[in-house]
Amino acid sequence: MAEVKTKGEVIFNRAAIVAVLIALVIMLTPIFWIGATAFKPRNLATTAPPTVFFEPTLSPFAKLFTKRSQLREPVDEATYAAAPWWEQLIYDGGESVVRNKKTGEATSSGYGNRYMNSLIVSIISTFLAVSMGTITAYGFSRFRVPGEQDWLFFILSTRMLPPIVVAIPMFLMYRAVGLYDTHVGLIILYTAFNLSFAVWIMKGFIDEIPREYEEAALVDGYTRLQAFRKIVLPEALTGIAATAVFCFITAWNEYAFALMMTSRNAQTAPPYIPSQVGSGLSDWTVIASGAFLFLLPVAIFTFLLRNHLLRGMSFGAIRK
Amino acid sequence: MADVMTRLEPDTRAAARGLSDLSIRNLFIIPTIAFLIIFNVFPLIYSLYTAFTDYRASTSAPANWIGLGNFRELLNDPNIWRNFTITAKYVVISVTGQVFVGFGLAMLLNRPIPLKGLITTLLLLPMMLSPAVVGLFWKLLYDPSFGIINFFLGLGKFEWLADPQMALWAVAIVDIWMWSPFVMLLSLAGLSAVPKHLYEAAEIDRAGPFYTFFRITLPLVAPILMIAIIFRTMEAFKTFDHAYILSTQPTTELIAIRLYKMAFLEWQTGMSSAFAYIVLIVVVAITNIYVKYLNKAKAR
Amino acid sequence: MHRSYYRLLTGAAAIALSASAASSQELTIFWAEWDPANYLQELVNEYEAETGVVVTVETTPWQDFQTKAFTEFNAKGSAYDMIVGDSQWLGAASEAGHYVDLTQFFNDNKLGEIMAPATVKYYAEYPGNSGKYWAVPAEGDAVGWSYRKDWFEDPAEMAAFKEKYGYDLAVPQDWNQLIDIAEFFHRPDQNRYGIAIYTDNSYDGLIMGVENALFSYGGNLGDYETYQVDGILNSPESIAGLEAYRKLYGFTPPGWSKTFFVENNQAITEGLAAMSMNYFAFFPALVNPATNPNAEVTGFFANPKGPNGEQFAALGGQGISIVSYSENQEEAFKFLEWFIKEETQKRWAELGGYTAHAATLESEEFRNATPYNEAFYQTMFMVKDFWAVPEYAELLTAANARIYPYIVGGEGTAKEVLDALTADWEETFRKYGRIQ
């Protein structure tokens with residue numbers, strides 16, 4: 001980080017802050033729009049011109065968690081008054097909750113379950129991809145590996161084939177070995193997707209860590225594994241944090257394979273959210289509320305890791 | 001490999017105390033490679049085989065071996081070449097845009113700024129959204145009647161997606177918006193690694209800001225930036241979700257969109273596998289060039 | 001706000017936990033994620049109450065419905081016992097043996113007489129006129145029109161229209177009037193536009209829209225028995241139909257280049273257009289004031305006649321088939337027997353499903369149930385569909401590639417477009433050995 005000293009630099013620094021703020025506004029406007037739509041009544045989601053100010057409602061969230069069907073006319077007042085608050089919100093939106101005839105229970109949309117599946121699958125696969133990626137990157141960075149470049153390119157190439165094409169054989173393979181519609185199946189899938197990325201990014205970071213540190217540690221009586229754990233890993237934290245964020249995002253939002261490889265049991269949330277286009281009007285508010293809730297875990301995860309992300313790569317001091 | 005850093009020789013003293021370097025290396029590398037091979041081998045062989053057949057996965061008819069038939073038909077189809085041209089243009093626009101915006105933001109953020117952690121997190125939000133949701137909402141944002149883009153920018157009824165020439169740019173803008181943060185984050189990590197003493201030395205030499213940037217900053221950030229570019233290029237080649245939702249103009253028919261139609265709407269499974277292998281060869285060739293540059297950048 | 005938010009989450013968790021209990025006999029029906037699937041879930045809940053057989057309607061987003069169904073078929077999976085598949089799938093699914101042959105069931109139950117004839121022809125029979133049936137018409141659907149009654153009935157507008165066109169402004173009786181009215185209401189400076197039509201070329205949206213014009217102008221896509229295309233697809237009638245659709249595109253709201261049912265309903269709810277084409281399945285949202293601020297002033301009409309008096313509409317909708325790989329085929333047949341009963345079909349219509357059951361359709365009760373049921377009833381006896389051959393998607397791709405640039409970009413002439421498409425389709429049919 002450059003130290004701010006002269007007057008010119010102070011002005012330059014302020015200009016930079018202004019530029020960052022402008023960028024922030026541009027980058028965040030679409031996100032803000034999604035967030036705002038998540039709290040809009042359905043009839044304000046698409047208006048010409050767009051509606052910027054409105055009274056927020058939780059109706060989209062009530063709809064998000066239930067299975068509903070379009071009403072052709074408003075319900076009678078007695079039914080409305082007898083309904084719980086969240087059902088009233090759904091009535092407000094011109095829909096009714098699909099109820100089980102025998103038990104009278106409202107049918108869940110499954111969003112909650114899907115959300116949980118997303119969490120399980122993304123967290124575990126991110127952990128696996130990052131840890132495997134880190135040690136593999138270390139191995140490639142520090143040891144002689146016969147055909148090193150070829151192996152690295154092979155790892156990279158696993159991400160080059162358009163995924164659409166392997167979808168059918170993958171589907172058949174998963175069925176044959178019983179991984180179809182299981183959490184384990186998706187975890188393996190996303191770990192494999194993210195591994196090539198994790199190896200490459202982590203190798204980039206570990207290459208930057210001066211090996212003098214490890215050599216010194218080895219001289220001090222550390223074993224290689226101890227040196228890796230106590231010297232290299234702390235130094236590589238920025239890289240690990242960045243890789244974890246990227247891997248988590250990829251797994252969290254993966255759509256095509258989640259749709260194809262799972263059905264009732266293990267399906268994650270991304271395929272569900274756009275499906276709300278279904279009924280007569282596309283219900284933008286439900287899509288927005290689904291997307292909004294779905295953004296929270298990644299945003300929180302990233303925010304928690306922010307200090308590691310910003311610490312930069314190693315000490316970077318020994319570059320010659 | 002042209003790495004400046006000297007490889008550590010197997011250290012006998014360290015080895016004597018714990019696992020040998022050789023076993024550590026094998027333990028660290030072999031599981032990953034084995035896993036990737038096992039995971040990919042069946043799908044790859046399967047799709048390679050179907051590429052030479054007339055197989056259709058929607059029917060139960062057996063696959064007939066037709067040799068290079070699919071490849072011949074594809075390479076003679078002018079539409080496929082158009083898909084490649086469109087994709088090339090798209091990849092160049094969006095990756096260039098991401099590098100400029102992402103690296104630019106990183107340069108701006110690489111200084112003492114209040115609430116830097118929060119600002120960085122907020123700037124990363126676009127890439128945290130699911131591409132399908134991004135496509136749906138940007139379609140709404142671009143809409144001449146309901147969209148906020150024309151509304152806020154005062155563009156009236158400007159037709160972003162209906163204009164065949166503009167549509168590809170509109171799709172690329174969304175990609176730039178979504179993935180510049182990726183380049184930004186990696187660049188930030190790279191920038192913070194540039195040793196301060198180099199800047200101090202440059203200052204003493206009264207070097208101008210351009211000199212400092214091109215001679216110190218850029219070369220040192222280049223390796224990690226290059227990795228970002230490699231991944232963004234590979235991903236841009238595969239762009240599907242948001243592009244397909246935003247526009248299906250013939251002028252925005254990217255390879256992945258054509259591939260999807262071929263594989264899952266028309267069920268020309270064999271043909272689509274052949275197409276995918278052609279794409280794979282192109283991507284491998286391009287990535288190879290990038291990796292050469294990456295190694296060169298590292299060697300400096 | 002925080003409190004209610006919390007309550008919302010706990011409420012949702014309670015809903016999530018109360019998933020259905022296990023039962024001895026279960027059936028799974030696969031369909032796309034949309035309202036009719038919810039209506040069907042409500043209907044089959046009644047079957048459960050009657051018989052104890054738990055029937056689940058499993059859904060997936062529309063854009064992936066086809067993919068998911070066929071990959072499951074390809075793996076010979078038994079996850080779904082029945083499927084409510086698109087009419088175009090009949091060829092592929094029956095030729096490949098994915099569907100159970102229902103011919104016997106069809107004849108035993110005289111479904112050919114019970115269901116509206118057009119629905120039997122397009123939802124159930126393959127190949128055309130073969131007498132072989134693969135599905136029971138379930139969700140009838142076709143394209144109809146919604147319009148702004150208040151704009152049409154405004155005295156000032158009526159007078160101005162009469163002055164300009166020489167006849168009274170009313171629901172269009174033929175396609176020429178449709179075009180006139182669209183032109184009349186097309187006022188970009190007032191943010192009002194003439195008409196909303198389908199233009200989405202990613203699957204069948206655009207072609208469905210074009211079909212309404214082409215069929216009503218007396219044109220056709222070809223002979224579905226002999227696969228003859230030349231002289232039919234590029235006949236003067238077909239060309240006139242395509243030109244009419246191109247004219248309509250000139251009166252659409254700005255940016256109307258990838259529009260389907262979502263956008264077309266929005267055109268009415270947001271007051272953009274005077275008339276809007278859409279599947280009947282999407283009209284329920286237009287009659288409820290909570291989802292359509294203009295609900296009180298929205299009217300509906302069936303696709304108008306062409307200049308020669310012919311009147312057709314593009315078919316949507318699906319039939320329900322039994323999957324060959326199901327392990328519960330016997331139970332599935334029992335379910336279908338229940339499903340085709342008159343009471344069930346009546347109930348299905350009440351819940352919001354679009355029955356194809358002729359007696360129910362014809363009943364006064366049904367026709368007056370909603371503002372659009374009358375138009376639906378009329379339409380179900382004049383529908384026509386796209387090709388149902390296994391390679392229909394390739395035909396669709398070619399049609400999109402040729403027709404889209406003409407409609408949206410104004411490239412070429414209708415004759416050039418249809419001549420070129422005729423050649424494309426002939427080549428495809430030759431490739432699959434259907435013609436020499």
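Of the 436 residues in chain C, 57% are buried, where buried means that 20 or more other C-beta atoms, placed from the backbone, lie within 10 Å of the residue's own, exposed means 12 or fewer, and partly exposed covers the range in between. The model is predicted, so local features need pLDDT of at least 70 and side-chain atom pairs count only at pLDDT 80 or more, while totals for chains, interfaces and linings use all residues. Residues are numbered from 1 along each chain as its sequence is written, and chains are lettered from A and ligands numbered from 1 in the order in which they are written.

Chain C has 20 helices and 9 strands; helices (H or I, at least four residues) and strands (E, at least two) are DSSP runs numbered from the N terminus. Its radius of gyration is 22 Å, which agrees with the value near 22 Å for a compact globule of 436 residues; the radius is taken over C-alpha atoms, and the globule rule is 2.2 Å times the number of residues to the power 0.38. Along the principal axes, the C-alpha atoms of chain C fill a box of roughly 70 × 70 × 45 Å. Of the contacts in chain C between residues at least 6 apart in sequence, 74% join residues at least 24 apart, a contact being two residues whose C-beta atoms, placed from the backbone, lie within 7 Å.

One residue of chain C can be followed locally. T226(C) sits in the loop between helix 11 (205-216) and helix 12 (236-249) of chain C. T226(C) is exposed because 11 other C-beta atoms lie within 10 Å. T226(C) and I435(C) are 209 residues apart in sequence, yet their C-alpha atoms are 8.0 Å apart in space.

Chain A contains 14 helices and 2 strands. The radius of gyration of chain A is 25 Å, well over the 20 Å that the globule rule gives for 320 residues, so chain A is more spread out than a compact globule. Its C-alpha atoms fill a box of roughly 80 × 65 × 35 Å along the principal axes, and buried residues make up 56% of its 320 residues. Three domains are assigned in chain A: domain 1 (7-37), domain 2 (66-97) and domain 3 (112-310), with bounds from an automatic or database domain assignment. The C-alpha centres of domain 1 of chain A and domain 2 of chain A lie 42 Å apart.

Within helix 4 (residues 85-92) of chain A, the buried residues include W86(A), L89(A) and Y91(A). After helix 4 of chain A comes G94(A), with a positive phi near 80 degrees.

The remaining topic is the contact between chains. Chain A places 89 residues in contact with 94 residues of chain B. On the side of chain A that touches chain B, helix 1 (residues 7-37) of chain A gives the most, with 13 residues. That side of chain A has 63 nonpolar, 17 polar and 9 charged residues; Ala, Val, Leu, Ile, Met, Phe, Trp, Tyr, Cys and Pro count as nonpolar, Asp, Glu, Lys and Arg as charged, and the others, Gly among them, as polar. The contact of chain B with chain C takes 23 residues from chain B and 27 residues from chain C. Helix 12 (residues 255-265) of chain B gives the most to the chain B side, with 3 residues. By class, that side of chain B has 11 nonpolar, 7 polar and 5 charged residues.
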